[in-house]
Amino acid sequence: NFNERARDSWHQWQETDGLPEIDAFYRALSEFETMLEEPSEALQLTLQSGEMSVIDNWRVLHSREGFEGERWLEGGYVT
C-alpha cells in the first residue's frame, strides 16, 4: 500500500544554518500536517453495503481507516 506521508523522509528534517527558505517550508509543512491530523476537523462516514461515496479530489483531502470485506474502487471524470 502506498502512503506518501509514511514513506517520505522529510520527517527527519532538522533546522539548518543559512537556509531560511528551506527551514520555513519544512516548518509550514509540519504545521500543515498537524492540522490535517486534528481529529476535531475530520468527518467520519461509515458506508453500509450498497452505498457509495463520491469525492472531488481537487477539493477534499480524504483518507480511510481499515475495514473488513471487499473494496471496490472506481475512478472517473466529470466534465
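Modeller: The accessible surface of the protein chain is about 8,400 Å², and 51% of that belongs to carbon and sulfur atoms. Areas of this kind come from the Shrake-Rupley method with a 1.4 Å probe, and for residues only the protein chains shown count as cover. This is a predicted model, in which local features need pLDDT of at least 70, side-chain atom pairs count only at pLDDT 80 or more, and totals for chains, interfaces and linings use all residues. Residues are numbered from 1 along each chain as its sequence is written, and side-chain values use heavy atoms, with hydrogens and water left out.

Biologist: How many helices and strands does the secondary structure hold?

Modeller: Two helices and zero strands. Helices (H or I, at least four residues) and strands (E, at least two) are DSSP runs, numbered from the N terminus.

Biologist: What makes Phe25 and Tyr26 an aromatic pair, and of which kind?

Modeller: Rings of Phe, Tyr and Trp (its six-membered ring) pair if their centres lie within 6.5 Å; planes under 30 degrees apart count as stacked, over 60 as edge-to-face and the rest as tilted. By this rule there is one aromatic pair. The centres of Phe25 and Tyr26 are 5.0 Å apart with 80 degrees between the planes, so the pair is edge-to-face. Phe25, at 47% relative accessible area, is partly exposed, and Tyr26, at 24%, is partly exposed too.

Biologist: How do you know that Asp23 has no salt bridge?

Modeller: A salt bridge is a side-chain nitrogen of Lys or Arg within 4 Å of a carboxyl oxygen of Asp or Glu. For Asp23, which is buried, the nearest side chain of opposite charge is Arg27, 4.7 Å away, so there is no salt bridge. Lys and Arg count as positive and Asp and Glu as negative; His and the chain ends are not counted. Asp23 lies in helix α2.

Notes
Buried < 20%, exposed > 50% of the residue type's maximum accessible area, 1.4 Å probe, protein only.
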